[in-house]
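Here are my notes for anyone opening this one for the first time. Have the viewer to hand and go through the points in order.

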Amino acid sequence: MQQPVKFVEIFSDGACSGNPGPGGYGTILRYGDHVKELSGYDPETTNNRMELLGAIAGLEALKHSCRVRVTTDSQYLVKGVTEWVDGWQRKGWKNSKKEEVANRDLWERLLSVAANHQVEWVWVRGHAGHEENERCDELARAAINLADG
């Protein structure tokens, strides 16, 4: 008998102090009653890179193939992965202006790790009282503050 596929919720957010500037991400993974928080820092980055890294970190933390709902306040992330990326790939990673797609390295990393899972992408309004999104924002900002001393 086949094991049921685990359902995991991932919440992620990115932040930057200046854009570009020092940045951080915060990620929460929830499986049933189990909750894990992750965060990371980059001394010179952009907000969009941190948004991508938050989702990537959550997906990379999964040890088995899962059904996953990724919730973020980044329209760039959600629209990128659900609407834009297929066209970028068809056009050789060029955007609608025929320019190189920004953050291609992270988009490719995200697609690679997401391919191991059944992923649903959900956008929520940022700074609107969504409990997990607010906590991810705190984790992202704490990573920046900790690194900046």
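**Notes on the strands, one serine and the aromatic rings**

1. Start at a turn: β2 and β3 make a hairpin with 2 residues between them, and Gly-32 in that turn has a positive phi of about 60°. Keep in mind that this is a predicted model. The two strands run antiparallel and are paired over 10 bridges. If you want a landmark, look for Gly-21, which stands opposite Thr-45 in β3.

2. Now go to the other partner of β2. Strand β1 (residues 7-16) is joined to β2 by 8 bridges, again antiparallel. Here Ala-15 is the residue opposite Gly-24 in β2. The β1-β2 hairpin has 4 residues between its strands, and Gly-18 takes a positive phi near 90° there.

3. Is β2 enclosed or open? Of the 11 residues in strand β2 (residues 21-31), 9 are buried, so the strand is largely enclosed by the rest of the structure. While you are in this area, check Tyr-31: the charged end of Lys-6 sits over its ring, 5.2 Å from the ring centre.

4. Which residues does Ser-39 touch, leaving aside neighbours within four places in sequence? The contacts are Tyr-25, Gly-26, Leu-139 and Ala-143. Leu-53 is worth a glance too: it is 14 residues from Ser-39 in sequence, with 9.5 Å between the two C-alpha atoms.

5. On to the rings. The whole structure has 5 aromatic pairs. One of them is Trp-84 with Trp-88, a tilted pair at 5.9 Å centre to centre with 50° between the planes. Both belong to helix α2 (residues 75-90), and because they are 4 residues apart, about one helical turn separates them. Trp-84 is partly exposed at 34% relative accessibility, while Trp-88 is buried at 11%.

6. Trp-88 has another partner to look at. With Trp-107 it forms an edge-to-face pair, the centres 5.2 Å apart and the planes at 65°. Trp-88 is in helix α2 and Trp-107 in helix α3 (residues 104-114), so this pair ties together parts that lie 19 residues apart in sequence. Both Trp-88 and Trp-107 are buried. Show the rings together and you can follow a cluster, linked by ring pairs, of Tyr-76, Trp-84, Trp-88, Trp-93 and Trp-107.

7. Time to zoom out. How many helices and strands are there in the protein? It has 4 helices and 5 strands, and along the sequence they follow the pattern β-β-β-α-β-α-α-β-α. Among contacts with a separation of 6 or more, 66% are between residues 24 or more positions apart.

8. Last, the overall dimensions. The C-alpha trace spans about 50 × 45 × 25 Å along its principal axes. A compact globule of 149 residues would have a radius of gyration near 15 Å, and the protein's value of 15 Å agrees with that. Of the 149 residues, 45% count as buried. The accessible surface comes to about 8,300 Å², and carbon and sulfur atoms account for 47% of it.

Conventions
Residues are numbered from 1 along each chain as its sequence is written. This is a predicted model: local features need pLDDT of at least 70, side-chain atom pairs count only at pLDDT 80 or more; totals for chains, interfaces and linings use all residues. Side-chain values use heavy atoms; hydrogens and water are left out. Buried means under 20% relative accessible area, exposed over 50%, partly exposed in between (1.4 Å probe, protein chains only). Two strands pair if DSSP finds at least two bridges between them. Contact means heavy atoms within 4.5 Å. Rings of Phe, Tyr and Trp (its six-membered ring) pair if their centres lie within 6.5 Å; planes under 30 degrees apart count as stacked, over 60 as edge-to-face and the rest as tilted. A charge sits over a ring if NZ of Lys or CZ of Arg is within 6 Å of the ring centre and within 35 degrees of the ring normal. The radius of gyration is taken over C-alpha atoms; the globule rule is 2.2 Å times the number of residues to the power 0.38. Accessible areas come from the Shrake-Rupley method with a 1.4 Å probe; for residues, only the protein chains shown count as cover.
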